[in-house]
Amino acid sequence: MKLKILSLFALTLSLSICTVGVNGQNLNPNKVTYPEYSAVYRANFTFPQVNGYKVVVCDFHTHTMFSDGLVWPTLRVAEAWTGGLDALSITDHIEYRPYRKYTNNDHNTSYEIALSAARNSGLILIRGTEITRTQKTLGHYNALFIKDANPIAVEDPKASIVAAKNQGGFIIWNHPGWAVDTTYIKEFQADLFKDKLIDGIEVFNNSEFYPRVVSWAVDMGLTMIATSDVHGNVESGTLLEKGFKRPVTLVLAKEKSAEGIREALDNRRTVAWFQNMLAAHEDVAKQFVTANISVTKVDSDTKNNWINLTNNGSVVFKIRINKQLYTLPALSSIIVAQPLANGNVLKSNFENFFIYENKTLAHDLYFN
Ligand code: ZN
């Protein structure tokens, strides 16, 4: 798989200059290619529109060898595209660049290298960077939608964030619980909140979930974000064996574009999706569930109504209806029997959809 991803863009180029005969056979009998050139493909996510918005699949936090990542920027793009993402941000650290002596670059280089590959494959590339200060006291922050990462490289941590903000940057407080025992708001972050310098927050990063941060996002009106923060390969090693899913942020946008994503982030229309769990503001969560699940009565007998629940999207829902727990897999249907006495409502709680610290979404489903 690694080799195939590496060669994705090289293959695209070579396809246009080789002559392909009937049945896909190369016309040169002395140089035959196996497997055929179309061996690399994209796994697509499917979602219905939510309240008129398109669902855009995004990873806003990734690294390349231009900070402490292990891959070249075009590989990040190819990996995102094959993984079904619509948008990617490469957020190389400003302050931590261990391979710098081997490269001749500035803070914009990874974006510049990735851009043509992203355009060629239709992936939206959002310019970003990670402001990386002492985790225990100051923390790490992604600045997205910036215009130039170089002027953000200033000594004073707050001035750095202000510089990003002045470029129109969208500021995310990254992994509030990483490398510390618990999640807490220190003096520095309290000051940033006071000055409205933080727009979004990671409720999930890589393989860490911060339940309390969901409630901070609700209480302070922040946009909820889930990211991979990938440095090596996505989905490899132990993570892959344990069924790891790349964490992504589902953005409910008016249009599938950088501008559309930005408008949605500014209005906190996101669903953080990680390891078959979801987190969102309650109004967004309700709209997302309503759009994704269709409810139809298929039969009734002397005791029960028989209800078909169909999931029209790519996430999994775990729903407690009355006292029973159901799993409704992606793009699937289940049948639920409901006593006639319960009327035309399924009293439902979405057990894998967080809307506050340790609180999941209660949202009744109705049928006719
Ligand atoms: Zn990072």
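This is a predicted model: local features need pLDDT of at least 70, side-chain atom pairs count only at pLDDT 80 or more; totals for chains, interfaces and linings use all residues.
## Overall build

The protein has 368 residues. Its secondary structure comes to 10 helices and 20 strands. Along the principal axes, the C-alpha atoms fill a box of roughly 75 × 70 × 35 Å.

The radius of gyration is 23 Å. A compact globule with 368 residues would have a value near 21 Å, so the two agree.

Take the contacts between residues at least 6 apart in sequence: 65% of them join residues at least 24 apart.

## Burial, surface and charge

Buried residues account for 51% of the 368. The protein exposes about 17,200 Å². Carbon and sulfur atoms supply 52% of that area.

Charged side chains number 36 positive and 35 negative. The centres of the two sets lie 3 Å apart.

## Helix α10

Helix α10 spans residues 282–292. Its buried residues are Val284, Ala285, Phe288, Val289 and Asn292. Viewed down the axis of α10, these buried residues fall within an arc of 130 degrees, so they line one face of the helix.

## Two loop residues with positive phi

Phe145 sits in the loop between β4 (140–144) and α5 (157–166). Its phi is near 65 degrees, a positive value in a residue other than glycine. Is Phe145 buried or exposed? Its relative accessibility is 16%. The cut-off for buried is under 20%, so Phe145 counts as buried.

Asn322 also has a positive phi, near 55 degrees, and is likewise a residue other than glycine. Asn322 lies in the loop between β14 (317–321) and β15 (324–328). With a relative accessible area of 38%, Asn322 is partly exposed. That value falls between the 20% and 50% limits.

Asp364 is placed in the loop between β19 (359–362) and β20 (365–366). Its relative accessible area is 24%, so Asp364 is partly exposed.

Which residues does Asp364 touch, leaving aside its neighbours within four places in sequence? Asp364 is in contact with Val345, Leu346, Lys347 and Ser348. Val345 is 19 residues from Asp364 in sequence. In space, the C-alpha atoms of Asp364 and Val345 are 6.6 Å apart.

Terms used: Residues are numbered from 1 along each chain as its sequence is written. Side-chain values use heavy atoms; hydrogens and water are left out. Helices (H or I, at least four residues) and strands (E, at least two) are DSSP runs, numbered from the N terminus. The radius of gyration is taken over C-alpha atoms; the globule rule is 2.2 Å times the number of residues to the power 0.38. Buried means under 20% relative accessible area, exposed over 50%, partly exposed in between (1.4 Å probe, protein chains only). Contact means heavy atoms within 4.5 Å. Accessible areas come from the Shrake-Rupley method with a 1.4 Å probe; for residues, only the protein chains shown count as cover. Lys and Arg count as positive and Asp and Glu as negative; His and the chain ends are not counted. The place of a charge is taken as NZ of Lys, CZ of Arg, CG of Asp or CD of Glu. The arc is that of the directions from the helix axis to the C-beta atoms.
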